[in-house]
Amino acid sequence: MGKIEWAMWANEQALASGLILLAGGIVGVAGQFRGWPFAAYAVAAGVFVCLLEYPRSKRAKGTSVERTGQYCFTVCVKSFGPVTRNYYVRAFLHAAICVPGGFMLATVLGCVCLGIASLIYLAAAIRGEQWEPILPQKETTRKTDAVSVRNPPEMPPPRPPPEVRRKRVDDLEGAVYDNPIPVSDK
Amino acid sequence: MGNFAANEGLSIFVILVWLGINAFLFVHFYMAFLVERWFYTRVLLGHALSWARAPAACLNFNCLLILLPVCRNLLSFLRGTIQCCSRTAARQLDRNLTFHKLVAYMIAFHTAVHIGAHLFNFEFFMDAQLDRNSSLLPFILSEIGTGDNASFLNPIRTNETNPTIVMFTTIAGLTGVVITLALILIITSSMEVIRRSYFEVFWYTHHLFVIFFIGLVFHGYGRIVRGQTAASLKTNRPEVCADQFEDWGNNGTDCAVPEFAGNPPMTWKWVVGPMILYVCERLVRLYRSHQKVVITKVVMHPSKTLELQMKRKGFHMEVGQYVFIQCPSVSRLEWHPFTLTSAPEEDYFSAHIRIVGDWTQALYEACGGDKTEPQEAWKLPKLAIDGPFGTASEDVFRYEVVMLVGAGIGVTPFASILKSVWYKRIQNNQDVFTKKIYFYWLCPETQAFEWFADLLQSLEGQMAEKGVTDFLSYNIYLTRWKETEAAHFRVHHEAENDPITGLKQKTLYGKPNWDNEFTNIASKHPGTKVGVFLCGPPQLGKSLEKQSLSHTEGDVKFIFNKENF
């Protein structure tokens, strides 16, 4: 099915699940439903999952697209080292987090979605994928004499100094390729 | 400022009408549940009932709409029919995918509101069963229908349960969970990162929409939303009898025990039409895919471009159209879109395919691209073609002056147009409405020129022969080059033919100054509608769109058309 990195989809699914858990939890707490402690838990769990899943991993192949403002989250998640890098840990973590959500109707949907995300992460872990932080690359030293060109050059190189460059007014088109200084191949 | 209305007016109008219908349905159905018939239901649920039913109506409407923009063949047919009446309306149909996504977001939004309201409904229904006090109206109402299980109001029939169990044991609850899960999986796999990188995951997961629609149709079959029957309203009028609930059914009162029934399911009436249309669409695609396609020639071009020339009985195309190609020996389920690079006047149709991923690489090998000796005709793989489908490029000949901008491989639809121009104007000497074409090709590398350079060379030669050199003005921009190449250009700058393309028209270096170009064209063609056509990256599209809008002043109108896949 193509060289898919399952973790990318697992990440989208987990982020969505975090939001759904959070929303369900808020409804449960605000409506003071029976079993609202589970809803309160879901709010906390939802926020935690969102924070964990917000920074996208660097792709093994291809260009990685960052989420807006994810850099600070990347730094936080990176600091946990192997715990956040390994997808087995994430799969089991999400499976564990989702269980209490199943005890209350408002959070059941978040629970099931997070469970599915956990399964996709498990698939990613089995395939050996890992979470890598997207860090800003150090600017490679470009040629210091690179000049940004806004207008295409009017005369092809080699160009004489400006005072010698005079356009023949009567034939502007031809003047473009006319060099006042003769050029030879030698 | 430019003429925004000419470019965007119809889109905005369509969106406003759609939003307006959504708002109307929401308010109408919200109010519909505030009538007497639902009085006792509201005793249990309050306004949460209306908050659940209003988005349900909007969901019916949006689920009707969502299938329509993806019926490619239907849209292509409509486009052809409308084209004769209105070019603007036809262009609207190009934005089908955008509309599909908007409707999807609206479905997600209404689903969220609907589920939120139902969470409250379940909780209130449960409350009514748990507070088992005969002096409470909600409890009395919940007890109705316990004997015959037909005229009940509260779908939760006992207090020895909880909302989660009820959800999984009712048709509405179960189908609701299943279709919401399907919707969430569809949405997460349709995110742009996933779609652009792993189209297969997106495409296969998207087929969960079948489960979505089946579940949606059956969602209302349990008739779980119950209101007072018309007969019962005669024997128990809520405004009079609600306070006397302890005496219902007793001798001497005029308040009988109320009876309730559920509404018949309505969703199928909304979605059955589009579902049938979509099934027809898939059948059409299936039929077309079984028609025999013969590869007549395979050409390997530099810069990893494969050209396939094919024939199929009864195939008829217009300029700039695209087809979906399937190669069963490579993959049975994958269909990929490619622009046709041949002109309608030719006796074959061709596509130039860039080798970028698994499927294109496998196709290249199946066509014998990696072998050095030519392949026998019978060894070439079997192909299936769906299409051709129309895109904006069909409109090119409807403008008097046209600007064609192609970036890299994005030049392909214009290859078809230029070839067609050559056939019409130069070979047949037909009179075409289009009087002037400005063609811009932006390319990051020199090898990419080769296959297209041949076409331009022959065009150049033919035009010189017939003396119609001012019809087509083309500008090729090399946007990146290496130092060694630059040295070569410098040395050969005075040669008659361009050192890269071999054309008389010299290659230009860097990116075009669009402001200048637009201003020049505006000044040369006052009082005309200039069509601007782009096939390229979105950033270029944005800047061209901006330029089109800002240079549309006075009597010159720049109308921007973008290809999209």
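Predicted model: local features only at pLDDT ≥ 70, side-chain atom pairs only at ≥ 80, totals over all residues.
Figure 1. B:C241 and B:C255 are both buried. Their sulfur atoms stand 1.9 Å apart and form a disulfide. The count over all chains comes to one disulfide. B:C241 belongs to helix α14 (residues 238-241) of chain B, while B:C255 sits in the loop between α14 and β2 (260-262) of chain B, so the link ties together parts 14 residues apart in sequence. The angle about the S-S bond is -80°, and the link is left-handed.

**Figure 2. Cysteines A:C111 and A:C113 of chain A.** The closest cysteine sulfur to that of A:C111 belongs to A:C98; at 4.2 Å, this sulfur is too far for a bond, given that a disulfide requires sulfur atoms within 2.5 Å. A:C111 has 13% relative accessibility and therefore counts as buried. A:C113 is likewise in no disulfide, and its nearest cysteine sulfur, that of A:C111, is 9.0 Å away. With a relative accessible area of 0%, A:C113 is buried.

**Figure 3. The contact of chain A with chain B.** Chain A contributes 35 residues to the contact, and chain B contributes 35 residues. About 3300 Å² is buried between chain A and chain B, with 71% of this area coming from carbon and sulfur atoms. Across the interface there are two salt bridges and five residue pairs in polar contact, both residues of each pair being at pLDDT 80 or more. On the side of chain A that touches chain B, the elements giving two or more residues are α1 (6-30) and α6 (105-126) of chain A. The most comes from α1(A), with eight residues. By class, this side of chain A holds 22 nonpolar, six polar and seven charged residues.

**Figure 4. A salt bridge between A:R34 and B:D127.** Side chains of opposite charge can pair when their charged atoms come close. Here the side chains of A:R34 and B:D127 meet at 2.4 Å, N to O.

Figure 5. The closest N and O atoms of A:R90 and A:E53 are 3.3 Å apart. A:R90 is in helix α5 (residues 87-98) of chain A and A:E53 in helix α2 of chain A, so the pair joins parts 37 residues apart in sequence.

Figure 6. B:E281 and B:R285 lie four residues apart in helix α15 (residues 267-289) of chain B, about one turn of the helix. B:E281 counts as buried at 3% relative accessibility, and B:R285 counts as buried at 11%. A search of the whole structure finds twelve salt bridges over all chains.

**Figure 7. Positive phi values at A:Q32 and B:R223.** A:Q32 is not a glycine, and its phi is near 50°. A:Q32 lies in the loop between α1 and α2 (36-53) of chain A and counts as exposed at 52% relative accessibility. B:R223, also not a glycine, has a phi of about 50°. B:R223 lies in the loop between α12 (209-218) and β1 (226-228) of chain B, and at 38% relative accessibility B:R223 counts as partly exposed.

Methods
Residues numbered from 1 in each chain as written. Chains lettered and ligands numbered in written order. Heavy atoms only, no water. Contact = heavy atoms within 4.5 Å. Buried area = accessible area lost by both parts, 1.4 Å probe. Salt bridge = Lys/Arg side-chain N within 4 Å of Asp/Glu carboxyl O. Polar contact = N/O pair within 3.5 Å; in protein donor to acceptor, adjacent residues only side chain to side chain. Nonpolar A, V, L, I, M, F, W, Y, C, P; charged D, E, K, R; others polar. Buried < 20%, exposed > 50% of the residue type's maximum accessible area, 1.4 Å probe, protein only.
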